[in-house]
Amino acid sequence: MLLTITTTAPNATDLGYLLHKNPGSVFHRDLPFGAAWVFYPEASPERTTCALLVEVDPIGLVRRKGAIGMDQYVNDRPYVASSMLAVALARSFGSAMAGTAKEKTERLTERWPLEVTIPAVACHAGEGLIRRFFEPLGYEVETKGYPLDDRFAEWGAAAVYTVTLRGKQTIRTLLNHLYVLLPALDRGKHYYVGDDEVDKLVRKGDEWLADHPERHVIARRFLKNQASLAHKAISQLTVEQEETDAVLDAEERQLEAVIDPVVVAADDPNHPLSGNAAALQQPEEPADETDPAPRLHELRLNTVLAAIRDPCRAVRSLIDLGCGDGKFLRLAIRERQLQRIVGMDVSSRELDRCQGRLKFDRLPTLHRERISLIHGSLVYRDDRLAGFDAAVLIEVIEHLNLPRLAACERVVFEFARPRTVFVTTPNVEYNVVWETLPAGELRHRDHRFEWSRAEFRQWCQQISERFGYAFDTLDIGPPSPEHPSVGTASQMAIFTRNHQS
Ligand code: SAH
């Protein structure tokens, strides 16, 4: 990993004083995960460049007890900028980050023209996030992406960029920006996130983070999506507690301000499924991630796609509710008859991933105008969800507890009211086929229920009666030869709005 800082400030070699590193020598320091070197590839009064080179020892890292996320010997960690580069920065330039100098102290507060180059910055969310993080701080951002493999263009782009930042900053501010923002861009993290990290964020973000428009995203990502820690950090940074409460508490609370919640009593005795509530609301035991074969999901997506292609349904616009990281959107965008495609999810993290997967930044304009992503929730009435020919909910309903499902039913079938709605959900009867799945357990730890074919049909029936839709159900996947009576792995319903309604 490499990072260079170049300045063309008058008497540029003074950079050595501010970084506490003499341009004439090479500095070396051992790190918990490897080693760092600081040296100056060029040092003249007109232009001076300081380089930080970090070598990571991947084997030592895996062997080191307690290392988190380093479960494999082969990964991209040693080569991309990440939290490790941030640690190396802090260890090599600690005094500079604290804003001290033994000599030339008068230069500490000068904002110098600086150029920082980092050849490999990991950012799965795409280069847009790099801009959103650095541009508000006054940097001009240049990024260069790479294909995953030059020989196979169809594999798409790597989530790694060469980043060049140009701007006028004090050295101290620059280092603190990098210390906070590099790990916040990167998904991986090699050390434990705890209260210590909150302190670091608060100290290094002092003076600039509280006013950053993306401060909540930065805090959450720096603290690796631990909302309560992020909350704590921001509330230490900002005086206005009210604001932090409104924005940070949870993703959904951000939405409440703009969207009307559909209020459904948690224990609505009139809800058609409330009788089944006890049976359906399984405890959230972490099922042992026995995810059914990934090919099943492809099959599901393709089954929905085929149904959408049916010319009788005349689907020209489509909304993918709970689009996740965009697996279905990626297929949908190739369907020429779809003039408008929108993906919606409650998780901004999934939306970030989705944006990366769809390579939004590089989509040809024609495609880009057809597709957009919105942050929303299925339990809030939302005008943005109306006006589509079709809505799809692929493996989403089982993630909602019953009160939320009841709200979602109204949001989709009463308010958004597309002509056609496609819903897929697991068929619980089929779980016996997966021998590794303990009896009675659900397929995924976030599933709140899984239905038998009869339960799913019963749900479809009451939806169709309450909201004026006709429905068909169909099986997804092949039946198991050993258990022919349990049906197939997944099931789909297609709802069609009645003519008069
Ligand atoms: N449809 C996608 C993802 C399925 S996983 C696919 O087939 O690949 C379920 C998704 O539903 C997750 O992305 C989750 O964030 C989303 N989700 C859960 N609750 C939601 C809610 N209340 N509103 C919108 N999306 C929700």
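How many residues does the hairpin that joins β2 to β3 pass through? The hairpin joins these strands through two residues; strands (E, at least two residues) and helices (H or I, at least four) are DSSP runs numbered from the N terminus. This is a predicted model, in which local features need pLDDT of at least 70 and side-chain atom pairs count only at pLDDT 80 or more, while totals for chains, interfaces and linings use all residues. Residues are numbered from 1 along each chain as its sequence is written, and side-chain values use heavy atoms, with hydrogens and water left out.

**The hairpin**
- Strand β2 (residues 27–31) pairs with strand β3 (residues 34–43) in the antiparallel sense over five bridges; two strands pair if DSSP finds at least two bridges between them.
- Leu31 has Gly34 in β3 as its bridge partner.

**The seven-stranded sheet**
- An open sheet with mixed pairing is formed by seven strands in the order β11-β10-β9-β13-β14-β16-β15.
- Because β11 (371–375) and β15 (469–476) stand at the edges with a single partner strand each, one side of each is left without a neighbour in the sheet.
- On average, neighbouring strands of this sheet are turned by 15° against each other, direction ignored; axes are lines fitted to C-alpha atoms, for helices over the stretch in contact, and angles run from 0 to 180 degrees between N-to-C directions.
- Strands β14 (residues 420–426) and β16 (residues 490–497) pair in the antiparallel sense over seven bridges, and Pro426 has Ser490 in β16 as its bridge partner.
- Helix α18 (residues 453–467) packs on the sheet and touches β14, β15 and β16, its direction making about 160° with that of β15; contact means heavy atoms within 4.5 Å.

**The ligand site**
- Of the 18 residues around the ligand, His297, Gly322, Asp345, Leu378 and Ile394 come nearest; a residue is near if one of its heavy atoms lies within 4 Å.
- An oxygen atom of the ligand lies 2.6 Å from a polar side-chain atom of Asp345.
- A polar backbone atom of Ile394 is 2.9 Å from a nitrogen atom of the ligand.

How values were computed
Polar contact = N/O pair within 3.5 Å; in protein donor to acceptor, adjacent residues only side chain to side chain.
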